[in-house]
Amino acid sequence: MPITTIEQSGITGRVATALFIAWRNLTRERRRWLLSASALAVAAMIVLFLEGISRWLEVSSTAYLDHSGAQLVVSEKGIEDLLFAQSAFPPGVLAKIREVPGVRTVDPVVAVNGIVGAGRTHLPVYLVGFEPGDGHGPWQLVSGSAQPHGAEVVVDRGFASIANVGVGDNIGLFGHQLRVVGISTGTNAAGDFFLFAPLDFAQTVAGTQTISYGLVYLNAGASTSDVIAGINRIGGVEALSRATIAGNDSETITSSFGQPVEILVVVALVAGVLIAGIVLYTATVEHTRDYAVLKALGAGRIVLYGSALLQSLVLSVCGVLLGWGLAAGVAAALDAWYPVIESNLDIDLVAKLAGVIIAVNLLAGLLPVRHVRRIDPQEVFKA
Amino acid sequence: MSVLEARDLTKTFGSGEATVTAVESVNLSVDSGEIVLLLGPSGSGKTTLVSMIGGLLTPTQGTVTIDGIGRLYQRSDMAAMRLRTIGFVFQTFNLLPALTAVENVALPLRLVGVGRRVAIERAGVLLDRLGLSHRGHAYPGTLSGGEKQRVSLARALIADPRIILADEPTASLDTHKGREAMELIRASVHQGGQACVVVTHDTRLTDLADRVLRIEDGGIVDG
């Protein structure tokens with residue numbers, strides 16, 4: 001039966017053939033395939049893990065304010081961030097803020113930055129003093145209570161792990177002994193561990209009866225700009241939107257920690273491209289003879305280049321999936337052994353990066369395609 | 001009318017004083033069901049000639065027609081023409097190691113877009129005809145030399161080509177297996193009506209050819 005009389009499935013059939021050849025080339029030599037996928041996976045893991053750290057730095061630096069729900073933050077005049085500057089204003093100002101038209105309520109917060117001993121090391125901490133019941137303590141607990149009273153404190157789980165303390169234990173902080181009543185999570189702001197204590201205790205630590213910040217909630221329909229103008233007229237303090245303060249914190253973190261991480265991500269991505277290029281090129285060169293046979297038999301471009309590209313695609317996808325697993329494993333191991341930094345491998349981030357890595361690998365995959373294009377079909381006559 | 005007509009086929013490599021003429025003014029015609037044996041030592045131009053006839057190499061001069069239709073070497077669909085009109089049998093079999101015997105045989109059909117089921121079915125029938133149905137799912141690495149050459153022949157025949165080009169088809173086989181393979185090619189060609197050119201340096205195969213031509217220094221010296 002001549003082939004012209006046989007039902008043909010056209011391009012779909014040729015693409016299926018290309019996929020079939022690519023898959024068989026990859027899976028026939030399992031050891032090589034595993035090594036190639038592993039090399040790509042390591043490159044993908046480094047990129048994913050580092051980018052996860054970058055995402056965590058960004059998200060964690062604004063987590064406290066994001067969870068507060070406040071529309072405005074009042075600070076000492078000239079201070080426009082939460083995490084780094086030391087703001088202080090008299091408690092009496094709070095009453096004046098409450099009188100500004102449009103303000104529903106303002107909750108005081110006392111913040112103290114410091115370095116404290118934890119186990120065999122010292123860690124940066126951010127002590128938040130809040131009035132129990134106003135909701136400005138920890139927003140997510142691992143264990144214990146979110147409401148410290150008197151000489152009690154809620155500590156971040158990373159801090160608790162490194163300091164080796166649990167609920168019920170006593171710890172020394174800023175020259176005071178406190179009892180741990182709760183362990184919080186999600187409260188590590190880019191390596192600055194949040195600790196939560198009653199407002200008056202934080203004032204004792206700060207050595208002053210001042211307030212650091214006022215978290216302002218507006219009445220429905222109130223004009224934000226009018227309220228800001230009203231607060232700014234009080235004197236000695238200024239009001240900024242939560243987004244502005246959070247943005248300033250985020251920018252500081254990003255420029256001091258995030259940018260170096262991003263540089264590492266780019267370096268890892270470039271290294272990944274080189275690894276991918278070498279791996280994919282080698283995998284194709286190994287099959288030079290097979291491609292020459294395909295050419296001699298009369299295989300068209302779809303099959304020839306398609307199988308080389310699909311080989312790159314299949315390897316890349318497997319590499320990314322394996323890399324994701326490795327990155328998640330490394331993040332989990334780090335979290336278990338030394339939870340100072342975290343890597344947020346959110347699905348949207350992984351999906352976005354996977355797309356970038358696969359696209360970059362496919363670009364590297366053009367190298368083998370170029371090789372296939374140059375193969376002389378007369379290779380088939382060589383003994 | 002001849003199935004294959006080669007007229008004034010010439011191939012030179014290099015330029016100026018470094019020009020080497022591999023094949024010079026070769027004329028060849030092969031009829032349907034005819035086996036032509038091209039005998040010649042290494043370097044005589046056999047493979048270059050077969051490459052030009054098979055559309056793998058563009059001649060410097062001359063034409064090749066198949067069933068009266070001229071081969072235009074610059075045509076972008078030359079590969080497709082090769083796929084539909086020529087079946088190759090190679091000295092080293094050139095089976096894809098990642099595919100089973102039946103998948104290797106089905107490959108030319110799959111390359112033109114024939115669905116997997118139909119292609120495999122037809123390859124199975126052909127392997128059965130060549131006495132290899134029991135080895136269909138074996139990978140080339142596990143086949144003997146004779147079995148590989150039969151698979152290679154089945155692959156050459158599956159797309160019902162007009163021409164079979166065999167390059168040293170017995171060189172990798174012992175005398176007995178080589179003769180067996182050649183007899184198989186002869187039987188298939190006589191049954192299928194293809195025009196067949198076999199290039200070899202093995203003079204023991206001459207009795208299996210319909211015509212024997214000798215090639216030396218790029219030219220056919222008798223026939």
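Two residues are in contact if their C-beta atoms, placed from the backbone, lie within 7 Å. Helices (H or I, at least four residues) and strands (E, at least two) are DSSP runs, numbered from the N terminus. A residue is buried if 20 or more other C-beta atoms lie within 10 Å of its own, exposed if 12 or fewer, and partly exposed in between.

The model is a predicted one, in which local features need pLDDT of at least 70 and side-chain atom pairs count only at pLDDT 80 or more, while totals for chains, interfaces and linings use all residues. Residues are numbered from 1 along each chain as its sequence is written, and chains are lettered from A and ligands numbered from 1 in the order in which they are written.

Start with chain A as a whole. Its secondary structure comes to 11 helices and 11 strands. The radius of gyration of chain A, taken over C-alpha atoms, is 30 Å, well over the 21 Å that the globule rule gives for 383 residues, so chain A is more spread out than a compact globule. That rule is 2.2 Å times the number of residues to the power 0.38. Along the principal axes, the C-alpha atoms of chain A fill a box of roughly 95 × 50 × 35 Å. Of the 383 residues in chain A, 48% are buried.

Next comes the place where the chains meet. Here 27 residues of chain A are in contact with 31 residues of chain B. On the chain A side, helix H1 (10-28) and helix H9 (288-297) are the elements that give two or more residues, and H1(A) gives the most, with seven residues.

Chain B holds an open sheet of four strands in the order E2-E1-E4-E5, with antiparallel pairing; two strands pair if DSSP finds at least two bridges between them. Strand E2 (20-30) and strand E5 (69-70) of chain B each have a single partner strand, so one side of each is left without a neighbour in the sheet. Two bridges join E4(B), residues 61-66, to E5(B), and B:Thr65 stands opposite B:Gly70 in E5(B).

A further open sheet of chain B has six strands in the order E6-E7-E8-E3-E9-E10, and its pairing is mixed. Its edge strands are E6 and E10 (219-222) of chain B, each pairing on one side only. Three bridges join E9(B), residues 211-216, to E10(B), and these two strands run antiparallel. In E10(B), B:Ile220 is the bridge partner of B:Ile215.

Which elements does helix H5 of chain B pack against? The buried residues of H5(B) pack against strand E6 (86-89), helix H3 (101-111), helix H4 (116-129), strand E7 (163-167) and helix H6 (175-192) of chain B. H5(B) is mostly covered, with 11 of its 13 residues buried; among them are B:Val151, B:Leu153 and B:Leu157.

By contrast, B:Arg84 in helix H2 (residues 78-85) of chain B counts as partly exposed, because it has 19 C-beta neighbours inside 10 Å.
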